[in-house]
Amino acid sequence: MLVFDLFKSRRRARLREMPPPPRWREILEQNLPIFNRLPEEDQAELLGHAKVFLSEKHFEGAGGLELTDEIRITIAGQACLLLLHRDTDYYPELTSIIVYPSGYTAHEDRHIGGGIWEEGGEDRLGHTGQRLSALVLAWDAVRHGAEAPADGQNLVLHEFAHQLDFENQSSDGTPVLATRGDHLAWARVMSAEFNALRNASDAGESGVIDDYGATNPAEFFAVITEAFFERPRALRKRHPALYAQLQRFYRQDPSLYSAEALAPSLH
């Protein structure tokens, strides 16, 4: 195992050092406005991560969608934004990314209580699961999330935050943290913020955090990740302790390069 890990690390390092095709940068500059606001060193790091990501993940078109470099790179660029400045194993629980042209209907059995299950369809824009090893995205929603970087909603960031959550072999809203102290601080802040969101949602109050995050701790982590990267200044102002925890985990301060000041709702 140690030999394999060493080989994997060296292969990834070589990939990151190779210059990316010029077309990749063009796609990110056109489709991912946040890329243009990143410092040059972060742009280079993101492109390096994208090379590894695209070499290790299998992409598959569904619903008649023909995969292109634009699709792969637009998705990879957003997914790799979450990896900047951190030691990463590139979403190790994830093998395949399935892309539909637009929203799709998933048919599955749902547990509705007791010993009762029902079979039905559910309309979705994206989905992933701890035991799936796959992630599903609707391309039109991916494009919208990339092109509207300050509306607080980004499908790719949301679904890949779930993948980070899975890395501790659970789906509990807690990603892999370095120390016991980090865990204690995270649990204290996230528990208080999650309960506050549930109370606000029950009262019909809205804020910078989408109340879909009140569903459970896993969805809470995905939703606050979206807010952290898309509405960081508002999140930092209204939820400073929460912002500090996310800044510590992601090792970034998106308020420095956010397009949030350009959003009409914030003027």
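Buried here means under 20% relative accessible area, and that cut-off comes up in several of the close-ups below, all taken from a predicted model.

**View 1. Glu-219, a buried residue of helix 9.** Glu-219 sits in helix 9. Its relative accessibility is 14%, so Glu-219 counts as buried. Skip the neighbours within four places in sequence, and the residues in contact with Glu-219 are His-158, His-162, Tyr-212 and Gly-213.

View 2. With a relative accessible area of 1%, Gln-163 is buried. Once the neighbours within four places in sequence are set aside, Gln-163 has Tyr-91, Glu-93 and Leu-94 among its contacts. The list also includes Thr-128, Ala-134 and Leu-135.

**View 3. Helix 2 crossing helix 5.** Helix 2 spans residues 22-31 and helix 5 spans residues 69-81; their axes come within 9 Å and cross at roughly 70°. That angle makes helix 2 roughly perpendicular to helix 5, since 65 to 115 degrees is the range that counts as such. As for handedness, helix 2 passes helix 5 in a right-handed crossing. On the helix 2 side, the contact is made by Trp-24, Ile-27, Leu-28 and Asn-31. Helix 5 brings Asp-69, Glu-70, Ile-73, Thr-74 and Gly-77 to the contact. Sort the contact residues of helix 2 and helix 5 by class and you get four nonpolar, three polar and two charged.

**View 4. Helix 5 crossing helix 7.** Helix 5 turns up again, this time with helix 7 (residues 155-166): the two axes come within 9 Å and cross at roughly 55°. That makes helix 5 oblique to helix 7. The crossing of helix 5 and helix 7 is right-handed. From helix 5, the contact takes in Ile-75, Gln-78, Ala-79 and Leu-81. From helix 7, the residues are Val-156, Leu-157 and Phe-160. By class, the contact of helix 5 with helix 7 has six nonpolar residues, one polar and no charged ones.

**View 5. Aromatic pairs, starting with Phe-53 and Phe-59.** Counting rings whose centres lie within 6.5 Å as paired, the model has 13 aromatic pairs. Phe-53 and Phe-59 form one of them, an edge-to-face pair with the ring centres 6.3 Å apart and 70° between the planes. Phe-53 and Phe-59 are both buried.

**View 6. Phe-194 and Phe-220, an aromatic pair between helix 8 and helix 9.** This pair is edge-to-face too, at 5.7 Å centre to centre and with 70° between the planes of Phe-194 and Phe-220. Phe-194 lies in helix 8 (residues 180-202) and Phe-220 in helix 9 (residues 217-230), so the pair ties together parts that are 26 residues apart in sequence. Phe-194 is buried, and Phe-220 is as well.

**View 7. A cluster of aromatic rings.** Which residues do ring pairs link into a cluster? They are Trp-186, Phe-221, Phe-228, Phe-229, Tyr-243, Phe-249 and Tyr-250.

**View 8. His-85 and Ser-133, two residues with positive phi.** His-85 has a phi near 70°, a positive value in a residue other than glycine. Where is His-85? His-85 lies in the loop between helix 5 and strand 2 (96-100). At 32% relative accessibility, His-85 counts as partly exposed. Ser-133 has a phi near 60°, again a positive value in a residue other than glycine. The loop that holds Ser-133 runs between strand 5 (126-128) and strand 6 (134-138). Ser-133 has a relative accessibility of 30%, so this residue counts as partly exposed.

**View 9. Glu-40, an exposed residue of helix 4.** Glu-40 lies in helix 4, which covers residues 40-56. At 66% relative accessibility, Glu-40 counts as exposed, because the cut-off for that is over 50%.

Key: Residues numbered from 1 in each chain as written. Predicted model: local features only at pLDDT ≥ 70, side-chain atom pairs only at ≥ 80, totals over all residues. Heavy atoms only, no water. Axes fitted to C-alpha atoms, helices over the stretch in contact; angles between N-to-C directions. Helix = DSSP H or I, 4+ residues; strand = E, 2+ residues; numbered from the N terminus. Parallel < 35°, antiparallel > 145°, perpendicular 65-115°, else oblique. Left-handed = near helix turned anticlockwise from the far one by under 90°. Contact = heavy atoms within 4.5 Å. Nonpolar A, V, L, I, M, F, W, Y, C, P; charged D, E, K, R; others polar. Phe/Tyr/Trp six-rings, centres within 6.5 Å; stacked < 30°, edge-to-face > 60°. Buried < 20%, exposed > 50% of the residue type's maximum accessible area, 1.4 Å probe, protein only.
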